[in-house]
Amino acid sequence: MAYKSRLESKNMDLLFDAILKLENLEDCYRFFEDICTINELTALSQRWEVARLLEEGKTYNEIEKITKASTATISRVNKSLNYGADGYKNIIEKLK
């Protein structure tokens, strides 16, 4: 059975189809700089770093020092890693 996201919509499909067309880092920088604010992108990149560090077995204190993320952010990312849609884990695995 295919995964069914609670976020699924025609607009989300169109956004993700656009993202799938990005071919390199320059495309990504250009697209995301236009579609997101700097704060939104900074928050996304911080959550990604937190997820990678959690998967490496780092403690909350270590992650807080490295990323400057709040313990609430670290906890939310950890919850997603453990009980989410496996999005973080899927990409971490693909990047190995």
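1. Let's start with threonine 73, which sits in helix 5. Keep in mind that this is a predicted model. Is threonine 73 buried or exposed? Its relative accessibility comes out at 10%, so threonine 73 counts as buried, the cut-off being under 20%. Setting aside residues up to four places away in sequence, threonine 73 touches Gln46 and Arg47.

2. Next, the core. The largest nonpolar core is made of nine residues: Val50, Ala51, Leu53 and Leu54, then Ile63 and Ala69, and finally Ile74, Val77 and Leu81. Two elements supply two or more residues each, namely helix 3 (38–55) and helix 5 (71–83). Helix 3 is the top contributor, with four residues. As general background, nonpolar side chains in soluble globular proteins tend to be buried together.

3. Alanine 69 is one of those core residues. Which residues does alanine 69 contact, leaving aside neighbours within four places in sequence? The answer is Gln46, Val50, Glu64 and Ile74. Val50 and Ile74 belong to the core as well. Gln46 also turns up in the contacts of threonine 73.

4. Over to the other helix pair. The axes of helix 1 (residues 10–20) and helix 2 (residues 25–35) come within 11 Å, crossing at roughly 150°. Angles over 145 degrees count as roughly antiparallel, so helix 1 and helix 2 are roughly antiparallel to each other. On the helix 1 side the contact uses Leu15, Ala18 and Ile19, and helix 2 brings Phe31, Phe32 and Ile35. Sorted by class, this contact has six nonpolar residues, with no polar and no charged ones.

Note on methods:
Residues are numbered from 1 along each chain as its sequence is written. This is a predicted model: local features need pLDDT of at least 70, side-chain atom pairs count only at pLDDT 80 or more; totals for chains, interfaces and linings use all residues. Side-chain values use heavy atoms; hydrogens and water are left out. A nonpolar core is a set of buried Ala, Val, Leu, Ile, Met, Phe, Trp, Tyr and Cys residues joined through side-chain atoms within 4.5 Å. Buried means under 20% relative accessible area, exposed over 50%, partly exposed in between (1.4 Å probe, protein chains only). Contact means heavy atoms within 4.5 Å. Axes are lines fitted to C-alpha atoms, for helices over the stretch in contact, and angles run from 0 to 180 degrees between N-to-C directions. Angles under 35 degrees count as roughly parallel, over 145 as roughly antiparallel, 65 to 115 as roughly perpendicular and the rest as oblique. Ala, Val, Leu, Ile, Met, Phe, Trp, Tyr, Cys and Pro count as nonpolar, Asp, Glu, Lys and Arg as charged, and the others, Gly among them, as polar.
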